[in-house]
Structure formats: structure tokens, C-alpha cells
Amino acid sequence: MTTTSASPARTDRRLLALTAAADRRLVDPMAGFVDLAGLRAAVEELTEAFAPLGHVQHTVAAKACGLAPLLRFLGDLGIDAEVASPGETAVAEAAGLRGPRLVLDSPAKTTGELAHALAEGTAINADNFQELARLDRLVGSAPPRSVLGLRINPQVGAGRIGDTSTATASSKFGIPLRDHGGRALLLEAFAHRPWLTRLHVHVGSQGCPPGLMADGVAAVHALAEEINAEAGYRQVTSIDLGGGLPVDFTSDEPGPTYADYVETLLARVPALADGRYTYVTEFGRSLLAKNGFLVSAVEYTKVAGGRHIAVTHAGAQVAARTVLQPELWPLRLSAHDAAGTPKTGPEVPQDVAGPLCFAGDLLARERPLPLLEPGDLVVAHDTGAYYFGAHYAYNTLPRPAVHGFDIGVDGEVRFTPIRRAQSLEELVADAGGEYVGALPNG
Ligand SMILES: *Cc1c(COP(=O)(O)O)cnc(C)c1O
């Protein structure tokens, strides 16, 4: 990623922020940080890369970024939101994004959600024919204000990670394109509904190479052409390209860039740039992951069976995927002293453990790091998407505070709160506290 001379590079920004956070005691005992300059640069890169495609509505996948101030920050930079639940919709609306600035995707939209989206003029990508039948009833005879589309499963196959591959032959998402009779059913669905004007495809999330994503887009573009030929006019006017650009979790390098991806897309389907369709994107991880990190204090250290173990506060509650599927979702960790300075010294294989009460609650196993001591800080890198924003409530552990940071020209770090740590009162309320005593006795 390129940097301008006025702003320090990502790695330097992170170190400056870390030492400032240690100095201001923001890691208490754990906190998330978001690099706002990095986020601005990512948005710029995204919009520039897609410029050859003409009119593009960029949205951020709210599930990668569940925090209202971040949605507002991105919204002010021109990024709308893709939402997939009533909660995500409410958070986006609280952030000031509503109506046509939202795209509603989800395989399980209730009638109430559909009606709300239609009343608001929010775009909807229907997932299946039963949902389409509900839309028939809700839309009635008046032309809808919402852009309405269908999510297509192009069945182009899986990427490296099965759980995040959505375009397999038997995926739960979208309408299968290659199943026997699938194409004919789709053509018929459009023929009967002039208000269906969009096709949506999202091949998967992390682990899907850009070439596979482009295969999905190519299949959907060809389908749009076929629908329009059948209709005799340009019924399908937009294509929602989904998200899913993979992130390199092994280094500070970004992995494939948006520009690389657009190049791959245009090499595969040059007609995407011919101006006949407008587009939507729904990136999450590639916008956010590299622009966030998680910091935890080391509480205790021990040796068991010859293994060095550092017990921290960062476990599955903030890194569920990494802890539960360590081989698929490894994170880079780095060791720092209490002031945030990188530790030096020989690397020793260590388990970096979280606080949860199960033995597998390890952020990393036998990871070579300078020997950690109580009071040190451990940084989990590239956690700006799907980590501290997607909490897992095991052991009633609180959601950590999240701070945005910017670095002034004088090198001064400015922190802005994004979320405070969950309080004990809030944890009790979440645990049904208001109903204590309500259960019948005897
Ligand atoms: C998860 C998801 C995205 C975002 O995926 P990323 O890998 O975070 O870019 C976009 N669209 C849909 C429909 C999704 O489910």
C-alpha cells in the first residue's frame, strides 16, 4: 500500500498509537484500535480502483464492522452499508445510513424486515423463490421505490475455507444457477416481475481467490445479458458484485488490492466497463482488517509440561474464529513491554492464552515470541474486521473498548472513542438481570 510523505506508514502509525495508548492507560486490560488514516486510504483505493466501471455504489458489509461510529465515518466518506439482520439495520440507521444507502441481504429475512426495507426504499437482494413470493405480495401493484434483485449462487466452487465459501454447489445462499432447470426458473421469475432489476453475487469471504470471484461475476453478467435479451429491453440495470476480497494475515502487506481485483474482473469480462450496468460492492474484511488491532495485557505467565504459557485477556470472546479454527484463521501476534515498545531477545515458543474457561482458548500455540512477562502487551494484528466488533459472550466477558486514532503532523496521537467497554451492569442486564426472582419456586 502506498503512503503519502505527510503520514507515517501503517507499521509506524501502529507503534505510535500503541505507545500512546500504553501511556494513557487505554489497555485496561484489553482494547481494540482502529487506524482512521488507514481506513481513509482504503476507501480512496477502493473508489479509485472501481472508477473504470462507471457508477458504483460502495457499501461496507456491516457484519465486518458492527460499530455505529465506524459506519458513520465510512458513510461520511461515501461508503453505504450492506446489512443482513434487524440489528445491523438498526445500527446502520443509528449511524445515519438508511433508505437507499442500505442494501439488505440475508437468507432469513422476515416479512417485517422486507416490509421495513420496502417502506424505506432500501435495496433488497432476495435469496430464494419463497422470499420472492413474499415480495410479490408486499410490492403489490405500485412500482417499488426499492431496487429489488435476486442473489444468484453461480456454483463456481469453494475457496480455501469451506465455512466462508458461499458459491459451492450446495451452498445455503442464493438461487443455484447451474442446477437442472435453474436458469429457466430465473428467466421466468424476471419475465413475470418487471420490478426485478438487479442480480447479486457474493462468491465468498476470505480464501476465495480473485479469479474465482471473477468467475462468479462472469456467470451473473452472462445471466443479466440473457434476461435482458429475453425481455427485449434492459430490465436488469445493476449488478451487485458482493465483497470477499481476501486479506493477507501473514504480513503487513495488503494481499490482492482492489486495483488487482478490478483488473482481474475486466480481463475476464471486459463488457463490465461498457456503461450498460451500474454496480454495488459489499467489501468488509479488505476495508477494515488491516486497519485495526487488538491489544491485551499479559496477566500471568507459567510453564506447564515444558511449555511457556502467557495468560492474556484476549481469547475466543474477541477472536472466536482464530481460537476455534486455529489452522484456518491464524493471527500475527507481537510482544511489547508495558510501555508498548517491541520486546527484543530470543524467541521462545509460547502459548498465548485467553481468559476463557476451556483449554483450547488459545490465541496462538507454540508461537515464537520474545519471552512474555506479566504486564507486557500482546498485539493481535489485522483484527479490524470480524474480531472486536463481533463479540462471543462466553464466560460473560465484557466487550472491550474500541478507540479510533489519528496521528497529527506533530506526531501527536489523538484517540476518539468508538465504543466503551461493556460495564458489569450491562453484563447483568444481558444475563436477564431484570427477571431475577421471576422464576416460580417449588
Ligand atoms: C460477508 C459478506 C460480505 C463481506 O465479505 P468480506 O469478505 O468481509 O468482504 C459481502 N456480502 C455478503 C452477502 C456477505 O455475506
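**Around the ligand**

A polar side-chain atom of Ser-205 sits 2.4 Å from an oxygen atom of the ligand; a polar contact here is a pair of N or O atoms within 3.5 Å. Keep in mind that this is a predicted model, where local features need pLDDT of at least 70, side-chain atom pairs count only at pLDDT 80 or more, and totals for chains, interfaces and linings use all residues. Residues are numbered from 1 along each chain as its sequence is written, and side-chain values use heavy atoms, with hydrogens and water left out.

- The ligand is surrounded by 15 residues, and the closest are Lys-63, Ser-205, Glu-282, Arg-285 and Tyr-386 (a residue counts if one of its heavy atoms lies within 4 Å).
- Gly-244 has a backbone N or O atom 2.8 Å from an oxygen atom of the ligand.
- For Gly-284, a backbone N or O atom lies 2.9 Å from an oxygen atom of the ligand.

**Helix α9 and its neighbours**

- Helices here are DSSP runs (H or I, at least four residues), numbered from the N terminus.
- Helix α2 (residues 36-50) packs with helix α9 (residues 258-268) at about 20°, with the axes 8 Å apart; axes are lines fitted to C-alpha atoms over the stretch in contact, and angles run from 0 to 180 degrees between N-to-C directions.
- So α2 and α9 are roughly parallel to each other, a label for angles under 35 degrees.
- Helix α8 (residues 210-231) and α9 have axes that come within 9 Å and cross at roughly 45°.
- That makes α8 oblique to α9, the class left once under 35 (roughly parallel), over 145 (roughly antiparallel) and 65 to 115 degrees (roughly perpendicular) are taken out.

Notes. Helices (H or I, at least four residues) and strands (E, at least two) are DSSP runs, numbered from the N terminus. A polar contact is a pair of N or O atoms within 3.5 Å; within protein, one must be able to donate a hydrogen and the other to accept it, and residues adjacent in sequence count only if both atoms are side-chain atoms.
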